Amino acid sequence: MITIHDFVFGPFQENTYVLYDETKECVILDPGNNTASEDKKLSDFISDNQLIVKRLILTHAHIDHIKGNKYVYDTYGFLPEVHKSDLYFIEKHLASATMYGLNAQQSPMPKTYIKEGDCIEFGNSKLQTIHTPGHSPGSITFYNLEQKFMIAGDVLFYGSIGRTDLPLGNYDDLISSIKNKLFPLGDDMKVYNGHGRATTIGFERLNNPFLV
């Protein structure tokens, strides 16, 4: 069974996730850590639970979700894996940091890309992937039907949706991704997102003002 642990990092209050199972193998999703104390919090959790990092995967590559890429690479030796359509944001990482007044180290570049239909495996566990563009062109949602959860990045929030006014964002694509790709996974699917509290597909289908 997959255990989901989340951290809230940085001025954007970004949710970083570590997923692991009974084998102790784990994957890191969207590392937003960018200070010594945040780095330590992530590493202490991994070492205290005797976890074995297997992959670094990204729902998308906006700056708040990739600030910890270099630390994860330097510490555990894993390059980020992302949808190829989001390479633009990794290439512009330092420029984005300057724009927001943040200190940052350039993220290492991916060598492996994630596409719709890929299966992310670790230990005895699997995550399926769907391409859910709109917030960014390469946004990916990872989900597990057996445990009924998804890691949706900034596609869908509690009572809201991801921004589309950032570079390469597209409102129509985002709404289509949510309604045509996330909604069919079922109302009982829990949605772990990139900022704020978790929600469910059923709640958002009935209550989200952007979707009703």
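How many bridges join strand 8 to strand 9, and in which sense do the two strands run? Select strand 8 and strand 9 (residues 140-144) to see that they run antiparallel and are joined by 4 bridges; strands, like helices, are DSSP runs numbered from the N terminus (E, at least two residues, for strands; H or I, at least four, for helices), and two strands pair if DSSP finds at least two bridges between them.

Before going further, note that this is a predicted model, in which local features need pLDDT of at least 70 and side-chain atom pairs count only at pLDDT 80 or more, while totals for chains, interfaces and linings use all residues. Residues are numbered from 1 along each chain as its sequence is written, and side-chain values use heavy atoms, with hydrogens and water left out.

**The sheet around strand 8**

Staying with strand 8, select glutamine 128, which stands opposite tyrosine 143 in strand 9 and is also the bridge partner of cysteine 119.

Now widen the selection to the open sheet of 6 strands, whose order is 7-8-9-10-13-14 with mixed pairing. Its edge strands, strand 7 (119-122) and strand 14 (199-200), each pair on one side only.

**The nonpolar cores**

Next, select Val18, Ile28, Leu42 and Leu51, the residues with the most contacts inside the largest nonpolar core, which has 19 residues; such a core is a set of buried Ala, Val, Leu, Ile, Met, Phe, Trp, Tyr and Cys residues joined through side-chain atoms within 4.5 Å. Among the elements that each supply at least two residues of this core are strand 2 (14-20) and helix 1 (36-48), and helix 1 gives the largest share, 3 residues. A second, separate core of 17 residues includes Met150, Ile175, Ile178 and Leu182.

Return to valine 18 and display its contacts (heavy atoms within 4.5 Å): leaving aside neighbours within four places in sequence, these include Phe7, Ile28, Leu42, Phe45 and Leu51.

**The whole chain**

Finally, show the entire chain, which has 7 helices and 14 strands and in which buried residues make up 51% of the 212 residues.

Terms used: Buried means under 20% relative accessible area, exposed over 50%, partly exposed in between (1.4 Å probe, protein chains only).
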